Amino acid sequence: MNDSTGPRSALQRSLPVVGEPRPERADARRNRLRVLEAAERLFTERGVKNVSLDAIAAEAGVGKGTVFRRFGDRAGLAVALLDEREQELQAKIISGPPPLGPGAPPAVRVLAFLDAYLDLLDRHVALFMDSENASDGARYRIGSYHLWHRHLSHLIEAARPELDADYTAHVLLAPLAADLHNALREQGYDLDRMKTGLRAVATSLLPA
């Protein structure tokens, strides 16, 4: 149900957390997070393809066997890292403070989401590129894309009922493709420029 501050979000009503894991022991969770944080640091410093499981295990202070048993290989670890960060974003959308979380007007929440997603994309663009280009059209089949699309479409519907919310959500997600983001970065675009441009597009459709 919508109220004066906009919908709480489709995410809260009908979809599970992206890749929601089974309950795990506290020590297992601590080790998993240590490995993911170590992988994130090394991926950022050296590039995903230049980091070995040995290096990640050493950085995390665990045995290589622990990393291998949990994640399989570097690709599996990269997928797990991206999934963890997407879950964190989803949690902020569902129950975090406004404007990203509930309590802000729908149009304002759209802008907050676009900013937050761009931050995530910029930090992990190589991981997003692997995920979105695993096969032709993979970006539009993965669960997280449907999740973000549904979130945006409900906010758009609340802010501008006369718009085609479903299509407009795709329009706002289009500039967030990892290939485009990486190409713009290589052309010298900085993050602030991309945020400003995307905010201008969103505001033209959804004036606050």
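Student: Is Arg85 buried or exposed, at 10% relative accessibility?

Tutor: Buried means under 20% relative accessible area, exposed over 50%, and partly exposed in between (1.4 Å probe, protein chains only). Arg85 counts as buried because its relative accessibility is 10%. This is a predicted model, in which local features need pLDDT of at least 70, side-chain atom pairs count only at pLDDT 80 or more, and totals for chains, interfaces and linings use all residues. Residues are numbered from 1 along each chain as its sequence is written, and side-chain values use heavy atoms, with hydrogens and water left out.

Student: With which residue does Arg85 form a salt bridge?

Tutor: Side chains of opposite charge can pair when their charged atoms come close. A salt bridge is a side-chain nitrogen of Lys or Arg within 4 Å of a carboxyl oxygen of Asp or Glu. Arg85 pairs in this way with Glu40, their closest N and O atoms being 2.7 Å apart. The pair links distant parts of the chain, 45 residues apart: Arg85 is in helix α5 (residues 74-95) and Glu40 in helix α2 (residues 26-46). Helices are DSSP runs (H or I, at least four residues), numbered from the N terminus. Glu40 is also buried, at 17% relative accessible area.

Student: How many salt bridges does the count come to?

Tutor: The count is 10 salt bridges. One of them joins Asp115 and Arg199, with closest N and O atoms 2.9 Å apart. Asp115 lies in helix α6 (residues 106-123) and Arg199 in helix α11 (residues 191-205), 84 residues apart. Asp115 is buried at 15% relative accessibility, whereas Arg199 is partly exposed at 33%.

Note on methods:
Helices (H or I, at least four residues) and strands (E, at least two) are DSSP runs, numbered from the N terminus.
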